[in-house]
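Please keep the coordinates open while reading.

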Amino acid sequence: MSTVATTQIKLTPERSRPTVRARLQDALPKIVLAPSFAITIVFVYGFILWTIYLSFTNSKTFPSYVITGSRAYQRLWGWTFDTDPPSSWYTSITNMGIFGFLYILICLALGLFLAILLDQKIRGEGVLRPIYLYPMALSFIVTGVAWKWFLDPGLGLEQTLHQWGWTSFHFDWIKNKDFVIYTVVIAGVWQASGFIMAMFLAGLRGIDGEIMKAAQIDGATTFQLYRRIVIPLLRPIFLSAFIVLAHLAIKSYDLVVALTSGGPGGSAWLPSNFMYEYTFKRNEMAVGSASAVIMLMTIVAIIVPYLYSELREKPR
């Protein structure tokens, strides 16, 4: 009797190559995103680099590609500290300091105050929230034109009160070169404070109610409750709101143009207005590009620390 040894041969299935259809499905998202990615690279970052390059040239009406060093930046530096009377660039950065400080501070304070009021579960909250948020849906042009009509002494508030009999009332800030920048603050705060309110309200609704109840049981007053618990917990909201407001303040252009047309003698100019005026109207493209680069560096100085704090790995 003979035995026959048999061996089992395990066959491993060959990996099937991806079909053309599968490859197309995998590549489809890249194909769809490629045009927008290329457009962003060219028309955003490409033109940023081009603007930086032009700021080191002697460009006037048209671009010049002859490098002349930091001459445009030296002119801006001289206009800031060495001119008497103050130059338009000095006026622009001074207005930026006034507008940015008041705009951010008042929007944060007013937005937090409105958010705390709405967080009390008051009646009609669903109606009040859209009312506060509505100005943010308007463009800066519409906001500027509306407030221009309202603040004009011959059309708006002053004229109306005169017709009602209060003839001693005067409010001519929009035509006063010393106060016109404050009208820009008023219009900007009116538009942005509702959006900041919504950010703070979302943060308040995200706070654990048990923490609040425990503090109240321990005898904390309402003031102590907000000062020691609520406001510290809203620190990320404060930071995010500050970034949004600072970005809006630095790039504000259309609000100034629509509201004041630059103000009497350019007294309401911001750096964005200076950049546009010198680049496209006064044929000083290098100087305008230099001012644009300074604005960009200011935004970068604000955004980069925020991104670093958000993206860094938290210690385990």
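1. Basis. The model is predicted, so local features need pLDDT of at least 70 and side-chain atom pairs count only at pLDDT 80 or more, while totals for chains, interfaces and linings use all residues. Residues are numbered from 1 along each chain as its sequence is written, and side-chain values use heavy atoms, with hydrogens and water left out.

2. Annotated spans. An unreviewed UniProt entry places the feature "transmembrane region" at residues 31-53, 96-119, 131-150, 179-204, 225-250 and 285-308. UniProt also lists residues 93-308 for "domain: ABC transmembrane type-1", again from an unreviewed entry. The UniProt positions are given in the numbering used here, feature names are shortened, and annotations may be inferred rather than shown by experiment.

3. Secondary structure of these spans. Helices (H or I, at least four residues) and strands (E, at least two) are DSSP runs, numbered from the N terminus. Residues 31-53 are 100% helix and 0% strand, with the end C-alpha atoms 32 Å apart. For residues 225-250 the figures are 96% helix and 0% strand, and the end C-alpha atoms lie 35 Å apart. The span 93-308 is 73% helix and 0% strand, and its end C-alpha atoms are 27 Å apart.

4. Main nonpolar core. A nonpolar core is a set of buried Ala, Val, Leu, Ile, Met, Phe, Trp, Tyr and Cys residues joined through side-chain atoms within 4.5 Å. Buried means under 20% relative accessible area, exposed over 50%, and partly exposed in between (1.4 Å probe, protein chains only). The largest core has 48 residues, and those with the most contacts inside it are Phe99, Tyr103, Ile196 and Leu245. At least two residues of this core come from each of H3 (88-118), H5 (140-151), H7 (180-205), H8 (209-217), H9 (222-233), H10 (235-250) and H11 (254-260). Helix H7 supplies the largest share, 13 residues.

5. Leu245 and the second core. Contact means heavy atoms within 4.5 Å. Leaving aside neighbours within four places in sequence, Leu245 is in contact with Tyr103, Ile104, Cys107, Leu108, Ala192 and Ile196. A second, separate core of 12 residues includes Tyr73, Trp89, Trp269 and Phe274.

6. Aromatic pairs. Rings of Phe, Tyr and Trp (its six-membered ring) pair if their centres lie within 6.5 Å; planes under 30 degrees apart count as stacked, over 60 as edge-to-face and the rest as tilted. The structure holds 21 such pairs. In one of them, the ring centres of Phe47 and Trp50 are 6.0 Å apart and the planes stand at 75°, so the pair is edge-to-face. Because Phe47 and Trp50 are 3 residues apart in helix H1, about one helical turn separates them. Phe47 is partly exposed at 37% relative accessible area, and Trp50 is partly exposed at 32%. Elsewhere, ring pairs link Trp79, Trp89, Trp269, Phe274 and Tyr278 into a cluster.

7. Largest pocket. On a 1 Å grid over the protein atoms alone, a pocket is an open set of points where a 1.4 Å probe fits, with protein on both sides within 12 Å along at least five of seven lines; lining residues have an atom within 4 Å of a point. Grid points are joined across faces, edges and corners, and a volume is the space filled by probe spheres set on the points. The largest pocket has a volume of about 300 Å³. Its lining has 15 residues, of which Ile48, Thr51, Ala292, Val293 and Leu296 lie nearest the centre. Two or more lining residues come from each of H1, H12 (271-280) and H13 (285-311). The largest share of the lining, 6 residues, belongs to H1.

8. Gln191 lies in helix H7 and counts as buried at 2% relative accessibility. Apart from neighbours within four places in sequence, Gln191 is in contact with Pro135, Met136, Leu138, Ser139, Phe140 and Thr143. Arg21 lies in helix H1 (residues 20-54) and counts as exposed at 65% relative accessibility.

9. Backbone points to check. Ser261 has phi near 55°, a positive value in a residue other than glycine. Ser261 lies in the loop between H11 and H12 and is exposed at 54% relative accessibility. Asn283 also has phi near 55°, a positive value in a residue other than glycine. Asn283 lies in the loop between H12 and H13 and is partly exposed, with a relative accessible area of 35%.
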